[in-house]
Amino acid sequence: MSDQVTLTIDGVELSVPKGTLVVDAAKMIENPIPVFCYHPKMEPVGMCRMCLVEIGLPVRDRATGELALEEDGTPKLNFRGLQTACTVAVSEGMVVRTTTDPVTEAREDVIEFLLTSHPLDCPVCDKGGECPLQNLTMEHGKGTSRMDYSLKLKLEKHVPLGELIYLDRERCIQCGRCVRFQDEIVDDPVIHFHNRGRSLEIVTMSDPGFDSYWSGNTTDICPVGALTTADFRFGARPWELTPVATLSPHSPSGANMTFSTRREAKSGGRSVIKRIMPRQNEQVNEIWISDRDRFIHHFADAPDRLTKPLMRKNGELVEVEWNEALDAVAGKLQQYGTAVAGVSGDRVSNEDMFLFQKLIRKGLGSSSIDLANRRLAGGDVVAKVGISQGSNLLNLGQGDAIVVVASDLHEEVPVWWLRVKQAIERGAALVLLNLRPTRLDQNARHLIHYRPGQAVATLRQLVNDAKVAVADADNSPIKAAADAIMQANNVVAFYGAEGLKYEETEAVAKLLANLLLIKNEEAHAGRPNNGLIPVWPHNNTQGAWDMGIHPALEPGYKAAAEPGMSASEIYAAAQSGELNALFVLAADPIGDGLMTDRGKLDFLVVQELFLTETAVHADVVLPAQSWAEREGTFTSGERRVQRYYPAIQPIGEARPDWQILAQIGERVGLEKPAFAASLVFRDLAKAVPQYKAMDYRALAKVEKQWPDVGGDDLYYGGNAYENRVGLGMQWAVEAEAGDVDHFEVADVSDDLPDGMAVVRTAALFTPGTLINHTELLAERMAQPTLILHPNDAAGLQLNNGASIELDLHNKPLQAQLRVNEDAPEGVALLRGVPYQAGFFELKLRQTAN
């Protein structure tokens, strides 16, 4: 039987996939049926009745099953009154009428009913101008009401559902979208309906209120102005806002977002960011963004941003002109030549990092360049067996498998956690390996918790068991997991660094690659919807690997002729005096505890947004622009290269990182600087083979996506923006072109400490340079917390809630003690501190129960 169904809507014949709802079928032919409660990403409930239409079904003879015909030979139809288009699936021969008198009257009645207690405060409502209720009232409302004004309910208008989201109960139309989103989509059922009848209202059921990483999305899909974010409420009118496309500066998922900006007198006529909204990209983040992506943008126009270059004179950092600063940096770097090293953060653009490595390598002749905090290996492995082009996690479901190793996706990359969870709900099998429980445990079909230092050995056994095609008598959990992986149609493997040393992460990457390369009928690696995804710590760690921010790899994964010092070696050389000069780009190694001070460096230059702890020790500080003030590209963990665009004017005299680096490069003998980021990208595309087919124009191409959201009919999919400026391009891995050899995996010693091992765990809102400038999230910020198993706490005579002081790399750290079984017995978990790989020995300085 055909998977397509043919029907007619208002005289237009169309064919759509079986199972399509009438409301979606109409949308496909640009005949939008109005809705309030329906959303294309959620299960239909038919609550609001706004989508009532007439539906006629062909009449068949009960005896013969043949179609009954009218006198004119057309099929005889049976219309059974009005039906909700959001709950009825299409069927062969169906006829739908959306403009008849009964339909028009029904829509008028629904609008009139919804307005009986809805405040007519459109002029002051945050949703005014982009409000589905307002738009549908203008299109379908009567213009009059039979409601007695004295019977109108007066409800609370400023109800906090936590500190991030506010509810105007008077505006709520009880469509249930917010409640259903939290329950169905993100599995955080922390808001509910309370009471009945006209007293029905939304309440929060968690402490803290609205305890979810996805709360902001409810304001996007609310069809009225009932839910608003704390930072945008009464902040601007929608028609005053200018939308600018951007990307997440925090997450390797590459989430597509949109700035809403407005010029303001109080900012001196500068454009300011009023809010951040989702931008549709069904291959990346669909139409959802986490609260970290939504709310952590205030650093871009923070008052303590660096605005002018600083130079140390007479022991003090003082403001100087750009030419003086650039001349000083170039002169010092040339003076020291190969005795210079560079470390970079992984939140800057591909263009920035390409020119950074070019300056260090070609301009100065040094090969010592690395990420400031490299804790996850495997970029070179990903280049061979990473998730293939044309893949989409939305396509994973029944018969597929997902492997997650040493990662807490919910805390590290919420978008990936959401997409993995939804794939599991569609039937995919989750194989989860970690040393502690995470939120994905409840979704795992095969759950394996290993001891510290045993990750590599456990995964090696899994791979070896997977090579055994015929099931044997071994019924162990690892063997069962291996069989599930090998029987799967598609396999996607995520791996992180939680509790692993850098060498262990390299072994994990290679073992997972070998798992993907095992040939049953054919290897998984190289096929769409198969491959390896590293859970990189930041938004552009993948770009850092691609651009050659690595002591042994140049751009495009070309082996360096003479490998230089790694970051840890650079810091040691700085302390000992073996290194003369250090260039720090968008990183804070002193603040992150990677360096104690500047050591015996003769010259330290820092290029940053803020006067960080490292910048305080610098000889020259160069002010850079944030991602909101400039354009560039990031590369996601799925290797999708995407563009972001300038939204606000630069702060002070700050310049783009790539421009600063190019101007220094010219002073040390490199070519004349490019005058646009697009020209820098053109040069890097020539040097990085994987990027050779890319340019800014190609990255800006778009195609029609489904569901169709972001248009004029905001009632259908909410306020997510349509993607009009680029879906990005994903570069191909070697496995797509042919066979890739299996990887040799060296043995890795566990090096466990003598005492109890402490493992640092991720928290979405961990304090850091950027998030610290968002006061809105102060209550959500993860505080230093040590988590112990009850037996371990009893052995140490520690009580839950005690204040303790830890010895963290010879520095005191104040923390709270939490006692529960989240921590495996014999292992302590440390949360709320800058994340580093591996583990260290628990050393308590003092306690106060």
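# Notebook: one predicted chain

I began with E30, which is exposed, with a relative accessible area of 71%. The model I am reading is a predicted one.

**Entry 1**

I placed E30 in the loop that runs between helix 1 (22-28) and strand 3 (52-58). Its phi is near 55 degrees, a positive value, and E30 is not a glycine.

I then looked up D187, another non-glycine residue with a positive phi, here about 55 degrees. D187 sits in the loop between helix 4 (177-185) and strand 8 (191-194). Is D187 buried or partly exposed? I read a relative accessibility of 27% for D187, so it counts as partly exposed.

Next I went through the cis peptide bonds. I noted one from D207 to P208, with omega near 5 degrees. P208 belongs to the loop between strand 9 (201-204) and helix 5 (217-221). I noted another cis bond from W706 to P707, with omega near 5 degrees. P707 is in the loop between helix 20 (696-699) and helix 21 (714-717).

**Entry 2. The chain as a whole**

I took down the secondary structure of the chain as 22 helices and 37 strands. The radius of gyration is 29 Å, close to the 29 Å that the globule rule gives for 849 residues, so I record the chain as being as compact as a globular protein of that length. Along the principal axes, the C-alpha atoms fill a box of roughly 95 × 75 × 60 Å.

Of the 849 residues in the chain, 61% are buried. I also looked at contacts with a separation of 6 or more: 71% of them are between residues 24 or more positions apart. For the accessible surface I have about 33,300 Å², and carbon and sulfur atoms hold 48% of that surface.

On charge, I have 83 positive and 114 negative charges in the chain, and their mean positions are 4 Å apart.

**Entry 3. Cysteines**

How many disulfides does the chain have? I count zero disulfides, taking a cut-off of 2.5 Å between cysteine sulfur atoms. C175 is in no disulfide, and the cysteine sulfur nearest to its own is that of C222, 6.1 Å away. C178 is in no disulfide either; its nearest cysteine sulfur is that of C175, at 6.3 Å.

I checked the accessibility of both residues. C175 has 9% relative accessibility and therefore counts as buried. C178 is buried too, with a relative accessible area of 10%.

**Entry 4. F583**

I located F583 in strand 25, which covers residues 581-585. Its relative accessible area is 0%, so I list F583 as buried. Which residues does F583 touch, leaving out those up to four places away in sequence? I listed V329, L333, A341, G342, V343, F356, L359, V605, Q607, L622, L661 and I664. V606 is 23 residues from F583 along the chain, and the C-alpha atoms of F583 and V606 are separated by 6.1 Å.

**Entry 5. R146**

I turned to R146, in the loop between helix 3 (132-140) and strand 6 (159-160). R146 has a relative accessible area of 65%, so it goes down as exposed. Residues up to four places away in sequence aside, R146 touches D109 and E112. I also took the C-alpha separation of R146 and T116, which is 8.6 Å for two residues 30 apart along the chain.

**Entry 6. Helix 13**

Why do I call helix 13 (residues 477-487) largely enclosed by the rest of the structure? The reason is that eight of its 11 residues are buried. I wrote down the buried residues of helix 13 as I478, K479, A481, A482, D483, A484, I485 and M486.

I then asked what covers these buried residues of helix 13.

Conventions. Residues numbered from 1 in each chain as written. Predicted model: local features only at pLDDT ≥ 70, side-chain atom pairs only at ≥ 80, totals over all residues. Heavy atoms only, no water. Buried < 20%, exposed > 50% of the residue type's maximum accessible area, 1.4 Å probe, protein only. Helix = DSSP H or I, 4+ residues; strand = E, 2+ residues; numbered from the N terminus. Rg over C-alpha atoms; globule rule 2.2 N^0.38 Å. Contact = heavy atoms within 4.5 Å. Areas by Shrake-Rupley, 256 points an atom, 1.4 Å probe, with all protein chains shown as cover. Lys, Arg positive; Asp, Glu negative; His and termini not counted. Charge placed at Lys NZ, Arg CZ, Asp CG, Glu CD.
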